[in-house]
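Subject: Structure handover

Hi,

Here is the structure for you to look over. My notes follow below it.

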Amino acid sequence: MLSLRRKGGQFEIAFVKEEIEILMDLPGQLRQIIENPDFTREAARRLFPLGSEDPEIQLEYMEVSAEEIRTRKLENLDGFAETLLNPRKHFGLRFITLTPEQFEYWLGFLNDMRLLLGSDIGVDSNSWGNDIDWDELEDDTTRVYGYLSYLQQALLDAC
Amino acid sequence: MTPHESTQVETAEKVEHDRLWNVIVWDDPINLMTYVVYVFQKIFGYSTQLATKLMKEVHESGKSLVATEEREQAELHVSQLHQYGLQATMERQEY
């Protein structure tokens with residue numbers, strides 16, 4: 001991400017082309033686990049955590065909340081993916097403008113995607129992603145996780 | 001069951017029904033601190049100062065009691081916290 005600035009109530013983000021390609025590859029990965037969660041995976045348990053330690057309360061909670069949680073996550077995902085389709089092109093850069101509603105989609109999607117990747121790579125330190133050491137990012141998944149952390153932080157700083 | 005016993009049962013059920021529920025947010029190694037503050041403000045309408053205080057409590061103590069309310073409202077808030085990707089549970093408030 002080269003820049004992020006507020007324009008009125010909207011947010012304009014400038015990317016290089018390769019970043020857009022990386023971002024476009026992500027929603028499919030998340031959709032798979034949201035639509036068919038495999039609860040033997042930490043990532044699925046992290047995306048759909050327990051609402052109560054009491055099994056009876058948990059069951060009742062899931063009856064009223066499960067579909068709403070899944071729907072919200074898919075709305076974020078679809079809203080994020082849609083904004084990537086037609087970026088404004090200028091001198092080799094790609095500009096994406098987010099409305100406040102789309103900004104929410106991005107924050108939610110980036111967080112869920114980080115939960116997925118962070119669970120898969122076993123993020124267990126308590127840095128909360130605020131002290132990323134880019135030199136320590138070794139594999140592709142870890143690099144994408146670090147990049148999404150940076151992007152989400154930039155969005156939060158802009159709002 | 002005598003009328004007296006019946007009244008006692010109804011009273012006990014009402015007391016149980018009226019008990020408040022705690023909404024607890026748990027520490028998490030993935031969520032950004034600023035994101036947690038953002039979510040607390042969005043869901044509960046807390047000030048930046050209070051939201052930051054609760055976030056720090058989660059971070060330093062492992063969990064924070066972020067609301068105490070009737071069951072239906074607690075369920076709604078836990079669901080919203082889950083929609084945002086935070087780890088949250090609800091439990092009956094102790095007497």
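Between chain B and chain A, 15 residue pairs are in polar contact, both partners at pLDDT 80 or more. Keep in mind that this is a predicted model.

**The interface**

On the side of chain B that touches chain A, the elements giving two or more residues are E1, H2, H3, helix H4 (71–83) and strand E3 (88–92) of chain B. In contact terms, 31 residues of chain B meet 38 residues of chain A. The area buried between chain B and chain A is about 3000 Å². Carbon and sulfur atoms give 54% of that area. Three residues stand out: B:Ile30, B:Leu32 and B:Gln83 supply 25% of the area that chain B buries against chain A, more than any other three residues. The rule also finds 3 salt bridges across the interface of chain B and chain A.

**B:Asn31**

B:Asn31 sits in the loop between E1 and H2 of chain B. Is B:Asn31 buried or exposed? Its relative accessibility is 1%, so B:Asn31 counts as buried. The side chain of B:Asn31 has a polar contact of 2.8 Å with the side chain of A:Asn111. Within chain B, a polar atom of the B:Asn31 side chain lies 3.2 Å from the backbone oxygen of B:Gly85.

**A:Glu104**

Take a look at A:Glu104 next. A:Glu104 belongs to helix H5 (residues 100–120) of chain A. A:Glu104 has a relative accessible area of 15% and is therefore buried, the cut-off being under 20%. Which residues does A:Glu104 touch, leaving out those up to four places away in sequence? They are A:Arg72, A:Asn76, B:Tyr38, B:Lys42 and B:Tyr84.

Two of these contacts are salt bridges, one with A:Arg72 and one with B:Lys42.

- The side chains of A:Glu104 and A:Arg72 meet at 3.8 Å, N to O. A:Arg72 lies in helix H4 (residues 55–83) of chain A and A:Glu104 in helix H5 of chain A, so this pair ties together parts 32 residues apart in sequence. Both A:Glu104 and A:Arg72 are buried.
- The side chains of B:Lys42 and A:Glu104 meet at 3.5 Å, N to O. B:Lys42 lies in helix H2 of chain B and A:Glu104 in helix H5 of chain A, so this pair joins two chains. B:Lys42 is partly exposed, at 46% relative accessible area.

For a distance check, the C-alpha atoms of A:Glu104 and A:Ala14 are separated by 18 Å. Those two residues are 90 residues apart along the chain.

**Other salt bridges**

Over all chains, the structure holds 14 salt bridges. One of them joins the side chains of A:Arg88 and A:Glu12, at 3.0 Å, N to O. This pair links distant parts of the chain: A:Arg88 is in strand E3 of chain A, A:Glu12 is in strand E2 (residues 10–16) of chain A, and they are 76 residues apart. A:Arg88 is partly exposed, with 42% relative accessible area. A:Glu12 is buried, with 4%. A:Arg88 and A:Glu12 also belong to a network of salt bridges with A:Arg5 and A:Lys7.

**Helix H3 of chain B**

H3(B) covers residues 48–61, which makes 14 residues. From first C-alpha to last, H3(B) reaches 19 Å, close to the 20 Å expected at 1.5 Å a residue. An α-helix has 3.6 residues a turn, so residues three or four places apart point the same way.

Just after H3(B), B:Gly62 takes a positive phi of about 95 degrees.

A:Phe91 has a phi near 50 degrees, a positive value in a residue other than glycine. Most residues other than glycine have a negative phi. A:Phe91 lies in the loop between strand E3 (88–90) and strand E4 (93–98) of chain A. At 75% relative accessibility, A:Phe91 counts as exposed.

Best wishes

Note on methods: Residues numbered from 1 in each chain as written. Chains lettered and ligands numbered in written order. Predicted model: local features only at pLDDT ≥ 70, side-chain atom pairs only at ≥ 80, totals over all residues. Heavy atoms only, no water. Helix = DSSP H or I, 4+ residues; strand = E, 2+ residues; numbered from the N terminus. Expected span 1.5 Å × (residues − 1). Contact = heavy atoms within 4.5 Å. Buried area = accessible area lost by both parts, 1.4 Å probe. Salt bridge = Lys/Arg side-chain N within 4 Å of Asp/Glu carboxyl O. Polar contact = N/O pair within 3.5 Å; in protein donor to acceptor, adjacent residues only side chain to side chain. Buried < 20%, exposed > 50% of the residue type's maximum accessible area, 1.4 Å probe, protein only.
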